Amino acid sequence: MTAPVNGPVNGFPGIPADPPGGRKAVAVWGIGVAVYFVAVIFRTSLGVAGLDAADRFHVNASALATFSLLQLLVYAGMQIPVGLMVDRLGTKKVLTLGAVLFTVGQLGFALSPSYGMALAARALLGCGDAMTFISVLRLGTRWFPARRGPLMAQLAGLVGMAGNLVSTLVLAPVLHGVGWTAAFAGSAAAGLVVLVPLVLFLRDHPEGHGPAPRTAGASGGFVRRQIRESWAEPGTRLGLWVHFTTQFPAMVFLLLWGMPFLVEAQGLSRTTAGGLLTLVVASNMALGLVYGQIVGRRQSARIPLALGTVGLTALLWAAVLGYPGDRAPMWLLVTLCLVLGGCGPASMIGFDFARPANPAERQGTASGITNMGGFLASMTTLLTVGILLDATGDNYRIAFSTVFVLEAVGVLNILRLRPLALARERERAHATVSGPAAPPGPVPTEPGRALA
């Protein structure tokens, strides 16, 4: 491995040597992932309590949907600020703040006597939740070698989906058994449980692998400089569009419109529809490991995996929406749900373009920009589907055609940015091989490995 240096080569500044990984890295990363796990449980807890929330706060379906839209809006809006905070303050401080906020938000949701206060509690929860995933990605790049980056990112996403399962399989029966206040207040205790090891044991980076000290005057214009330099990298923009194009079909399906579509448009029972939604989650968890291993071993698989997932998703949606007759057969709906499970793992590929394009001190900002993509697409689709359903008298075929429009926009931008981003990666790889300096960030290539 090339020794760490301080000088630039071909315009690319040097970075410290790869972190060693090992058991301590796994333990520290595990603490961060546990915080993310609890955040996802809190985030998805409303999904199993929708009818109870409508009764408790005396609201209609539109007002109930506002809970989900508000959380997405807060989450997406916080991504760049959180990335900047991670780069400036470090992972531990941001994760700690996030854990405090989402715990207070969950407790506030349990005790809220009115719809307005419940909305404020969910906004607070979304703010804390927004601080977790980028922090966990940062821990992965700080504690593990670059070749492990894709797998660690996919594992973090898998743990998040496990949190989704917990809220579905555990919180739902608890809610119906002990009631609203006891269930949500009790679940808030999980935030305190993960907060203790976070404060006591989590470290931002291994000893000797800290970020380079800021030069004199580096604090001036920090925010503008971080955003400008991150966005200037084609890899960051490509990462955003990969995330934009791949994530939203499954998120929209799981978060809001999957259950109404399966029950109202396809005539399934709520139990059967719930089983299909769980199938999406299970498929996501299984494919996350597969995608992580493939990308970790062969970087040339990134674009084919991302575009292949987009194409297969569009094909299955077209088959379901265009099926002759009023309802698609069960085998086709099952296939759709299995394919939707690949959207989450495919969206993680976006970070595999943004990560090597930026030096260590910009990883948080670049990840925040990338992570905005899927959530912006999800919010756009959630709103558009709702508007089209109202305008067409609940015609799901027309409403869900929104998916094809956003996928087409995303694919065009991926194809436009791909040559620029890969050319930039090749420059860095060449600087690593031929020069005495290391590239600015984890280099995703190994000898003989192609870029794509």
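User: To start, is N358 buried or exposed?

Analyst: N358 is buried, with a relative accessible area of 0%; buried means under 20% relative accessible area, exposed over 50%, and partly exposed in between, with a 1.4 Å probe and protein chains only. Please keep in mind that this is a predicted model, in which local features need pLDDT of at least 70 and side-chain atom pairs count only at pLDDT 80 or more, while totals for chains, interfaces and linings use all residues. Residues are numbered from 1 along each chain as its sequence is written, and side-chain values use heavy atoms, with hydrogens and water left out.

User: Where does N358 lie, and what is 2.9 Å from its side chain?

Analyst: N358 lies in the loop between α14 (343–357) and α15 (363–392), where helices are DSSP runs of H or I with at least four residues and strands are E runs of at least two, numbered from the N terminus. A polar atom of the N358 side chain lies 2.9 Å from the backbone oxygen of A354.

User: How many helices and strands does the protein have?

Analyst: The protein has 17 helices and zero strands, and buried residues make up 57% of its 452 residues.

User: Which residues have the most contacts inside the largest nonpolar core?

Analyst: Those are F253, F261, L262 and W317, in a core of 105 residues; a nonpolar core is a set of buried Ala, Val, Leu, Ile, Met, Phe, Trp, Tyr and Cys residues joined through side-chain atoms within 4.5 Å. Helix α10 (residues 234–265) gives the largest share of this core, 14 residues. Apart from it lies another core of 19 residues, including A118 and L171.

User: And what does W317 touch?

Analyst: Not counting residues up to four places away in sequence, W317 touches P249, F253, F261, L336, L340, F400, V403 and F404, where contact means heavy atoms within 4.5 Å.

User: Switching to charges, how many salt bridges are there?

Analyst: The structure holds seven salt bridges, each a side-chain nitrogen of Lys or Arg within 4 Å of a carboxyl oxygen of Asp or Glu. One of them joins the side chains of R43 and D129 at 2.6 Å, N to O. R43 lies in helix α1 and D129 in helix α5 (residues 115–129), so this pair ties together parts that are 86 residues apart in sequence.

User: Are R43 and D129 buried or exposed?

Analyst: R43 is buried at 19% relative accessible area, and D129 is buried at 1%. Leaving aside neighbours within four places in sequence, R43 is in contact with Y36, Q71, Y75, R122, L125 and D129.

User: What about E233, which side chains does it meet in salt bridges?

Analyst: E233 meets R362 at 4.0 Å, N to O, and R424 at 3.1 Å, N to O. E233 lies in the loop between α9 and α10 and R424 in helix α17 (residues 402–434), so that pair ties together parts that are 191 residues apart in sequence. Salt bridges that share partners join E229, E233, R362 and R424 into one network.

Key:
A polar contact is a pair of N or O atoms within 3.5 Å; within protein, one must be able to donate a hydrogen and the other to accept it, and residues adjacent in sequence count only if both atoms are side-chain atoms.
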